[in-house]
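Trainee: I would like to go through this model one question at a time. Please show it to me before we start.

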Protein chains: 2
Amino acid sequence: MSAPPPFGPEFKAALRDLMLWRRDVRRFRTDPLPDADVARLIDLACVAPSVGNSQPWRFVLVESEPCRRAARESFARANRAALDGYDGESRALYARLKLEGLHAAPVHLAVFADEATGRGAGLGRQTMPETLRYSVVGAIHHLWLAARAEGIGVGWISILEPGVVTRALSVPVGWALVAYLCLGWPVEEHLDPELERAGWQARATPSGFILRR
Amino acid sequence: MSAPPPFGPEFKAALRDLMLWRRDVRRFRTDPLPDADVARLIDLACVAPSVGNSQPWRFVLVESEPCRRAARESFARANRAALDGYDGESRALYARLKLEGLHAAPVHLAVFADEATGRGAGLGRQTMPETLRYSVVGAIHHLWLAARAEGIGVGWISILEPGVVTRALSVPVGWALVAYLCLGWPVEEHLDPELERAGWQARATPSGFILRR
């Protein structure tokens, strides 16, 4: 290909729908996800942009029961501690929220940034070294959108202890946990985020987020 | 809408093309980008996922010459310092690279994370507070892909001094710079990253980035 294909009005409308219907999924069916589907999603993650073309994304398919249990237990501890930080109505609401799908999801995918990589030779990250981890976040968003197009749900669990999970997975030195993802077929589809539907936090109007200088 | 539209094989193939043809653009035409186009891209950025539905993304349209000059000068200083970190062939190659399009791009868009936001009430970021900034990165990737579908190029400049640029833009306390973006019509289209084409860093095979545990 020497020129990009035309992205017409129909595609653009469908892309918008894809972004609107992408959700953080916490309710999964337990049936397995074909290996080939997961591999295809990771392939698309790996064409995300990265600082200095460093490609720092590293993927750990968490398949063994001890490793998956370590993630579930870490969530349980971190979630209990988080609950203790709320009082009154917020506490009661928080306790009712469904915040992860670790038990049901057929695929656990931990995503790391390899901070020891030599790829890219440090280009672009002398003054903003955090862009290495940001590159991994970009890869996750490629995967998330590609999954949504396939009808596959993705949930990002940030309520866990990154050090504990990293040690449990015995990853190489220099790998930093960016995200712990659940993948699988969603039980239900929604246009609104779970936290909005549950009354935790509504969405604001984008115009309020823009300044001119 | 109570159910997502079907995303068929044609859409999925086009989405893959979109991701493959998304580039970090450094060569822009100087003709202006309609305000409505930029607003539409920001709208799509704002439906990205965010930790606790905190919506921490903040956008600064950098329009005044003093502010734009501050960004260009910061790049020039940071780039000179980066060059001094390389020797021999790497240094010569680095000096030849085109790493930004700050002069030609009609739109400069600085993107911040509002670390002081009360939205989301801290949900999901007690143990991994960096997920607030990661949420902003997700919004940037929505914008980037939506721009590519419109034929609009995006370039992310990380070679600058975040403190200097933040001060120059006089943003509210608590806003942390995540990215400084250039937007505009690209002069040329490529399927391969500039840094690969220039011989700085080739792309690796995704299978080498996967472990099983």
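Trainee: How many helices and strands are there in chain A?

Mentor: This is a predicted model, and the count rests on its secondary structure. Read from the N terminus, chain A runs α-α-β-α-α-β-α-β-α-β-α-β. That gives 7 helices and 5 strands.

Trainee: What is the radius of gyration of chain A, and how does it stand against the globule rule?

Mentor: Along the principal axes, the C-alpha atoms of chain A fill a box of roughly 55 × 45 × 45 Å. For 213 residues the globule rule gives 17 Å, and the value for chain A is close to that, so the chain is as compact as a globular protein of that length. The radius of gyration is 19 Å.

Trainee: What share of the residues of chain A count as buried?

Mentor: The cut-off for buried is under 20% relative accessible area. The accessible surface of chain A is about 8400 Å², with 52% of it on carbon and sulfur atoms. Among contacts in chain A with a separation of 6 or more, 82% join residues 24 or more positions apart. Of the 213 residues, the share that counts as buried is 59%.

Trainee: How far apart are the centres of the positive and negative side chains in chain A?

Mentor: Chain A carries 26 positive and 24 negative side chains.

Trainee: Is B:Gln55 buried or exposed?

Mentor: B:Gln55 sits in the loop between α2 (35-45) and β1 (57-62) of chain B. Its phi is near 45°, a positive value in a residue other than glycine. Most residues other than glycine have a negative phi. With a relative accessible area of 2%, B:Gln55 is buried.

Trainee: A:Ser170 also has a positive phi. What is its relative accessibility?

Mentor: The phi of A:Ser170 is about 45°, although the residue is not a glycine. A:Ser170 is placed in the loop between α6 (162-168) and β4 (175-184) of chain A. It counts as partly exposed, with a relative accessibility of 49%.

Trainee: Why does B:Val173 count as exposed?

Mentor: B:Val173 belongs to the loop between α6 (162-168) and β4 (175-184) of chain B. Its C-alpha atom is 26 Å from that of B:Gly155, 18 residues away along the chain. Exposed means over 50% relative accessible area. B:Val173 counts as exposed because its relative accessible area is 80%.

Trainee: Which residues does A:Gly151 touch, not counting residues up to four places away in sequence?

Mentor: A:Gly151 lies in the loop between α5 and β3 (153-157) of chain A. It is partly exposed, with a relative accessible area of 21%. A:Ala81, 70 residues apart from A:Gly151 in sequence, is 34 Å from it, C-alpha to C-alpha. With that sequence limit, A:Gly151 touches A:Trp185 and A:Pro186.

Definitions and conventions. Residues numbered from 1 in each chain as written. Chains lettered and ligands numbered in written order. Heavy atoms only, no water. Helix = DSSP H or I, 4+ residues; strand = E, 2+ residues; numbered from the N terminus. Rg over C-alpha atoms; globule rule 2.2 N^0.38 Å. Buried < 20%, exposed > 50% of the residue type's maximum accessible area, 1.4 Å probe, protein only. Contact = heavy atoms within 4.5 Å. Areas by Shrake-Rupley, 256 points an atom, 1.4 Å probe, with all protein chains shown as cover. Lys, Arg positive; Asp, Glu negative; His and termini not counted. Charge placed at Lys NZ, Arg CZ, Asp CG, Glu CD.
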